[in-house]
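Please look over the structure shown here. The notes that follow walk through its loops, charges, core and surface.

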Amino acid sequence: MTKAMDGKKVIIAGSRKLEEMSSLIERQGGHAEVRSLQGITLFKEQEMEQELRRFIKEQPEWVIFTTGIGANALFEAAERLEMGQAFTAAVRQANIAIRGYKTYNTLKAKDLAPDVRDSDGTVKGLEEQLQQIGLEGKNIWVQLHGDPAPELVRFLQEKGAASVHTLLPYQNLGPEPETLNQLRQEITESRIDAICFTTAVQVRNLFADAAEHGYTVLLREALASRILAVSVGKVTSEALRQQGVERIIAPENERMGAMIIEMSKYYEQQSSDHEME
């Protein structure tokens with residue numbers, strides 16, 4: 001019996017639940033290969049100690065948390081450095097804006113509630129909610145993960161913020177060069193059918209490699225036609241769109257299993273459409 005993904009070679013760019021995703025793909029008739037674009041993430045302990053002390057001293061009017069894991073890491077570091085109460089108090093006195101349900105849960109566990117929350121789980125959705133908030137002359141601290149967010153910073157500056165200070169608790173180290181080289185060849189030689197992205201950093205790492213090796217245009221063209229971009233959810237999809245990718249398959253339920261099922265449905269529909277022609 002023909003299956004929806006018969007003959008499809010699917011790249012998994014993540015580093016978690018690899019066996020589960022591979023098994024799901026192969027049950028749908030596809031062939032799964034792992035090319036992890038996640039890289040390694042390191043917490044910058046010494047740098048964050050200085051940042052936390054500065055935050056407590058400055059008592060900024062606004063603090064924006066954009067990831068649950070990053071926010072939690074700051075609170076945990078403050079506890080380790082015996083300034084947990086002072087850091088929590090400094091956060092409590094500020095206006096708080098957040099992106100993401102995991103960030104909300106992290107703050108809730110600290111008995112902290114946001115004043116502003118995103119509309120759809122994305123930074124763009126957070127900007128929409130901040131649009132009507134007066135930020136003129138305010139000192140704003142923004143917790144990011146491991147990458148800068150120039151668009152968010154520019155938005156805050158254009159809103160009239162007196163200062164925007166970004167906190168990057170983590171340093172992202174890139175994927176293995178051998179992995180990037182292998183995937184680069186597979187993309188340029190049209191040897192794959194789809195790439196499953198499970199975090200935004202995987203998207204950024206792929207396009208950084210494309211920029212370094214001069215195949216950005218080819219990559220965008222491939223993702224617009226012969227290679228399907230599959231995303232686990234809104235944040236990852238937003239990262240793809242920022243790179244000019246518009247043809248994206250993503251599930252409503254932001255889970256890896258749901259992502260594979262949504263991809264299978266796409267290929268099933270493609271097969272059905274082809275038979276009707």
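Asp-111 is exposed, with a relative accessible area of 62%. That is over the 50% cut-off, so the residue counts as exposed rather than partly exposed. This is a predicted model. Asp-111 sits in the loop that runs between helix 5 (101–109) and strand 6 (116–117). Its phi is near 60°, a positive value in a residue other than glycine.

Helix 5 also holds Thr-103. Is Thr-103 buried or exposed? Thr-103 is buried, at a relative accessible area of 0%. The C-alpha atoms of Thr-103 and Pro-114 are separated by 9.7 Å, and the two residues are 11 residues apart along the chain.

Lys-17 lies in the loop between strand 1 (9–12) and helix 1 (18–27). Its relative accessibility is 44%, so Lys-17 counts as partly exposed.

Arg-255 is partly exposed, with a relative accessible area of 45%. A patch residue needs over 30% relative accessible area, so Lys-17 at 44% and Arg-255 at 45% both pass on that count.

## Salt bridges

The model has 10 salt bridges. One of them pairs Glu-186 with Lys-9, and the closest N and O atoms are 2.9 Å apart. Glu-186 lies in helix 8 and Lys-9 in strand 1, so this pair ties together parts that are 177 residues apart in sequence. Glu-186 is buried, with a relative accessible area of 2%. Lys-9 also counts as buried, at 17% relative accessibility. The cut-off for buried is under 20%, so Lys-9 falls within it.

A second bridge joins the side chains of Glu-33 and Arg-35, at 3.5 Å from N to O. Glu-33 is partly exposed, with a relative accessible area of 24%. Arg-35 is buried, at 6%. How are these two pairs related? Lys-9, Glu-33, Arg-35 and Glu-186 are linked in a network of salt bridges.

Another bridge runs between Lys-44 and Glu-47. Here the closest N and O atoms are 3.6 Å apart. Glu-47 is partly exposed, with a relative accessible area of 39%.

## The largest nonpolar core

In soluble globular proteins, nonpolar side chains tend to be buried together. The largest nonpolar core in this model has 24 residues. Which of them touch the most other members? They are Ile-187, Ile-195, Phe-197, Leu-206 and Leu-219.

Several elements each supply at least two residues of this core: helix 8 (177–188), strand 10 (194–197), helix 9 (200–213), helix 10 (216–224) and helix 11 (234–242). Helix 9 gives the most, with five residues. Helix 8 has a part in two of these topics: it supplies core residues, and it holds Glu-186 of the bridge to Lys-9.

## A nonpolar surface patch

Ile-40, Leu-42 and Leu-173 make a nonpolar surface patch of about 240 Å². Leu-42 is found in strand 3 (residues 40–43). Leu-42 is partly exposed, with a relative accessible area of 38%. Patch members need over 30%, so Leu-42 passes on that count.

Ile-40 also gives a reference point for Pro-148. The C-alpha atoms of Pro-148 and Ile-40 are separated by 17 Å, and the residues are 108 residues apart along the chain. Where does Pro-148 lie? It is in the loop between strand 7 (139–143) and helix 7 (150–158). Pro-148 is exposed, with a relative accessible area of 65%.

Key
Residues numbered from 1 in each chain as written. Predicted model: local features only at pLDDT ≥ 70, side-chain atom pairs only at ≥ 80, totals over all residues. Heavy atoms only, no water. Buried < 20%, exposed > 50% of the residue type's maximum accessible area, 1.4 Å probe, protein only. Core = buried A, V, L, I, M, F, W, Y, C linked by side-chain atoms within 4.5 Å. Helix = DSSP H or I, 4+ residues; strand = E, 2+ residues; numbered from the N terminus. Patch = residues over 30% accessible without salt bridge, like charges linked within 9 Å, V, L, I, M, F, W, Y side chains within 5 Å. Areas by Shrake-Rupley, 256 points an atom, 1.4 Å probe, with all protein chains shown as cover. Salt bridge = Lys/Arg side-chain N within 4 Å of Asp/Glu carboxyl O.
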